[in-house]
Amino acid sequence: MLSTAESTRASGSSEANEPSEPSRPSRARKSAQDTRVASSVSIALTGSGGSGVMTAGQMLLDAAARGGFQGMMTRSLGPQIRGGEAEAFLRLSASEVTCPGDGVDILIAFDWTSTERFAGEISLKPSSLVLADPELGPAPAMITGSGARRIDLPLKALLAGIPDGRPNMVGLGILAGLIGLPEDSVLAVLNRMLKRKGAEALAASTAGIQAGYAAAADMPADFRLTAAKQAASRWNISGNEAIGVGALRGGVRFVAAYPITPATEILEWLAPNLEHLGGELVQAEDELASINMAVGGSFGGLATLTATSGPGLALMIETLGLSVASETPLVVVNVQRGGPSTGIPTKSEQSDLNIAVYGLHGDAPHIVTATNSVADCVFTAQWSVYLAEALQSPAIVLTDQLLGQTRAIIEAPEGASFVARREVAEGDLENYLRYAVTESGVSPMAIPGTPGGEYVADGLEHTPRGRPSSQAEDHLTQLDKRNRKLELFDYGKHWADIEGDGEIAVVTWGSCTGPAREARVRAEAAGLKVKLISLRLLAPMQTARFEKALKGVKKVLVVEQSHSQQFYHYLRAHYDLPKDVKVLSRPGPLPIRPAHIYERLADWS
Amino acid sequence: MTAMEQAVGAGLQPKDYKSDYKPIWCPGCGDYSVLTSITKALSVLGVARENAAVVSGIGCSSRIPAYTSLYGFHGVHGRALALATGLKIARPDLTVLVTGGDGDGFSIGGNHFLHACRRNVDLTYIVMDNQVYGMTKGQASPTTASEWEGSKLTPHGTGVSPFQPLAVALAAGANFIARGYAGDPNGVARLIVEGVQHPGFSFIQVLSQCVTYRAEQREWRSRVRPSAKEPTANAARASRRILDDDGFTTGIFYLGSRPPYQPVTATDRTLADIEQRFVI
């Protein structure tokens, strides 16, 4: 087993070390292309910040949603506060889109310098279309070396006669035309967006879009999509907003906030919306304060949340231990970004698994959950609030930049029945014991204001009464109790998403689940039976359930976006894996695409 | 003190706010009398036990919550003000006291002290200042004189100017600033009563001697004197009084009129209304 792991580790690393997507052997791209099952188009818009690529991408997604399509848009940014490089990456389809596509079908580049900075994230192929103004000068190697078809985009000529015409609107018109989106869908989105900006701005943008449509009429028609009837109720939402919705559905009414990329949008979305629901959000002076404010609010009886990213989570760790010891429920959402240290704040990685699961000092059992799609951000956030409250425990929700800042068209999420219900102590509380040793391990919690329930929550080890104690017996009793409440709880089917069946299983988590889902479907179409296991509950470990899920599985492909293979080592530490294990791992922001996963699966058969 | 003693007779007695749990403090520690002052003040205020909470961090004086019969939170080092801020914003109906020492409040918790002063949440923060880390057995704290050589950690003294709690509190925007002395428990109780009654963030520094690591503080008794002046609402005047003082004048130095932190909230939408904006 060890030798298998060693050898696959080496192959995983070699993949991670490849310089950039276009220089990869063409085999992977070819096989992915051949087995494409979803009729989808992947579109990248690159430019400097301020060139309007995000606006154009956003409008295209909105228009596509109105025009009978599904899709998503991820955002990739340079480190600059304003300006710098920006990439909007869309994937549109008539059917469900669970992840960004393998490569880029259509690239509109508004300048080469910005575009080149995404060389590792943009994979072009000979069938791709690259549109750029000839005035930008010679194209970089990432374009010329890809063999992609080139189309000149003479922006000056296209914008002639349009006062204040914007290149991004021409780009939007071209893209909409290339995929066959009805012009009125795009203009409807434009009208709604610019209704307050006045007639001139509207006319300029309308003319730009129409010029784009006219130009697209002469371009290749092989990326046209056919619209389909879509579900009656669909949402257009980002993963970070979806976390906010899930939190509110779960009953969160107190939030303490300190801004950090890429988690800030959760907090900014919650601020006004909590206010309307009678809740409170307070901006703290730092993450040490935000998590302690959250503990205070929860002690006061409200379901409570804070959101952060890696560096903030590192600062919060001590108080997460306080939450464990004092049994004060709390949800901490960690929108992962590249680490360690400040790392890559604007780009995604799955490298906070270790700190989330193992980062607390002492024996500190707690809950760690992971979101695995934009839509799942609603569910997992809500479920995590429910678990934290029911178990009087901190719950760390791991999501990441990719999910958080992706905007997707999703079916309106059903209202799951999980609503925060804390077991509180009420009525006759004579001789009340806050940390009473119960069979379930959960002890009724008195909320301030309840007569007779007065107790002191403490980070010191304590007696059932809550009095500080350094005695071995009290320590063991309370350690057992805190562990037992997490171990005995029935997490039901939500501990993992399991799809398909077969002797090969892809075991993954978080944002790698989308590409793994698609790879599984491709494999099935190619006659290869594959099971997908995406863990939603990372702690406490679900040994029996995992064993059952792996029944009949002979080979496991572990997929994760981490350089040190944190998830693989986590699985090795806690679960029995079959002998034949491969690992597909790369650090962020190198994407893991469906083709990468499919290729590994196909190699195995 | 007569008014106070009369008030005590009205509801719960000071002892009713004490728990039966024995403090870990050394005999002669000033914190015993601060505990007494807190219970007297609560008795005067007539607060029901279940409607008050004491929040603390880590250190000798931070052990106070367990010695009361109130709701309390003994959290992590330096973060008591943050925790109490969350509690008070979530539960504005509660009377929230924050207790701790000079190391907890001005060193590890210094940033929270600044922001609690400027945020002006309606809390009363009682710092038992003994100019030493007692729980870790006698190291210099932010308020220790620079030349104090009593610690193995800083054998030549810290060489660092002491932190000026009242001046910092005023500059940072605290709404009520006072100093008391543990040797005068009734005086401290009065300050706590006024601090709780004054809206916004009230800061009370209590000189609370450590007889174990700073035995010379027994002499504070002869140095401490009550202020002869009435409290001022003028920050410039308060600033002069604080900066001119040798640190041993007790009483209220500043009574600000800044309105306390007031979160904006309404219950005017349902979650369904909010979710509607995502619908295509």
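Of the 280 residues of chain B, 57% count as buried. The model is a predicted one. Chain B contains 11 helices and eight strands. Its radius of gyration is 19 Å, close to the 19 Å that the globule rule gives for 280 residues, so chain B is as compact as a globular protein of that length. The C-alpha trace of chain B spans about 70 × 45 × 40 Å along its principal axes. Among the contacts in chain B with a separation of 6 or more, 69% are accounted for by residues 24 or more positions apart. The accessible surface of chain B amounts to about 11,600 Å², and carbon and sulfur atoms contribute 52% of this area.

Within chain B, helix H6 covers residues 110-119. Seven of its 10 residues are buried, so the helix is largely enclosed by the rest of the structure. The buried residues of H6(B) are B:Gly110, B:His112, B:Phe113, B:His115, B:Ala116, B:Cys117 and B:Arg119. B:Asn120 follows H6(B) and has a positive phi, near 60°. A positive phi is also found at B:Gln131, about 55°, although this residue is not a glycine. B:Gln131 is placed in the loop between strand S4 (124-129) and helix H7 (165-172) of chain B.

Backbone geometry of this kind also occurs in chain A. The phi of A:Asn431 is positive, near 55°, and the residue is not a glycine. A:Asn431 is in the loop between strand S14 (407-411) and strand S15 (456-458) of chain A. The residue is exposed, its relative accessible area being 68%. Most residues other than glycine have a negative phi, and most peptide bonds are trans. A cis peptide bond joins A:Gly339 and A:Pro340, with omega about 0°. A:Pro340 belongs to the loop between strand S11 (330-336) and helix H14 (353-358) of chain A. Another cis peptide bond joins A:Gly588 and A:Pro589, where omega is about -10°. A:Pro589 is in the loop between strand S21 (580-585) and helix H21 (594-604) of chain A.

Salt bridges were searched for over the whole structure, and 31 were found over all chains. In one of these, the side chains of A:Glu518 and A:Arg91 meet at 2.6 Å, N to O. This pair links distant parts of the chain, 427 residues apart: A:Glu518 is in helix H18 (residues 513-525) of chain A, and A:Arg91 is in strand S3 (residues 85-93) of chain A. Both A:Glu518 and A:Arg91 are buried.

A:Glu499 counts as partly exposed at 23% relative accessibility, whereas A:Arg517, at 16%, counts as buried. A:Glu499 and A:Arg517 are linked with A:Asp376, A:Asp497 and A:Arg536 in a network of salt bridges.

In chain B, B:Asp246 forms a salt bridge with B:Arg225, the closest N and O atoms being 2.7 Å apart. The two residues are 21 residues apart and link distant parts of the chain, with B:Asp246 in the loop between helix H10 (235-244) and strand S8 (249-255) and B:Arg225 in strand S7 (residues 225-226). B:Asp246 counts as partly exposed at 41% relative accessibility, and B:Arg225 counts as partly exposed at 34%.

A:Glu287, in helix H12 (residues 287-299) of chain A, is buried yet has no salt bridge. The nearest side chain of opposite charge is that of A:Arg337, 7.7 Å away. Apart from neighbours within four places in sequence, A:Glu287 contacts A:Tyr258, A:Ile260, A:Thr308, A:Gly312, A:Leu315 and A:Met316.

A:Val530 is in strand S18 (residues 530-535) of chain A and counts as buried at 0% relative accessibility. The C-alpha atoms of A:Val530 and A:Gly500 are separated by 6.3 Å, although the residues are 30 residues apart along the chain. Contacts of A:Val530, with neighbours within four places in sequence left aside, include A:Glu499, A:Gly500, A:Asp501, A:Arg520 and A:Leu601.

How values were computed:
Residues are numbered from 1 along each chain as its sequence is written. Chains are lettered from A and ligands numbered from 1 in the order in which they are written. This is a predicted model: local features need pLDDT of at least 70, side-chain atom pairs count only at pLDDT 80 or more; totals for chains, interfaces and linings use all residues. Side-chain values use heavy atoms; hydrogens and water are left out. Helices (H or I, at least four residues) and strands (E, at least two) are DSSP runs, numbered from the N terminus. The radius of gyration is taken over C-alpha atoms; the globule rule is 2.2 Å times the number of residues to the power 0.38. Buried means under 20% relative accessible area, exposed over 50%, partly exposed in between (1.4 Å probe, protein chains only). Contact means heavy atoms within 4.5 Å. Accessible areas come from the Shrake-Rupley method with a 1.4 Å probe; for residues, only the protein chains shown count as cover. Lys and Arg count as positive and Asp and Glu as negative; His and the chain ends are not counted. A salt bridge is a side-chain nitrogen of Lys or Arg within 4 Å of a carboxyl oxygen of Asp or Glu.
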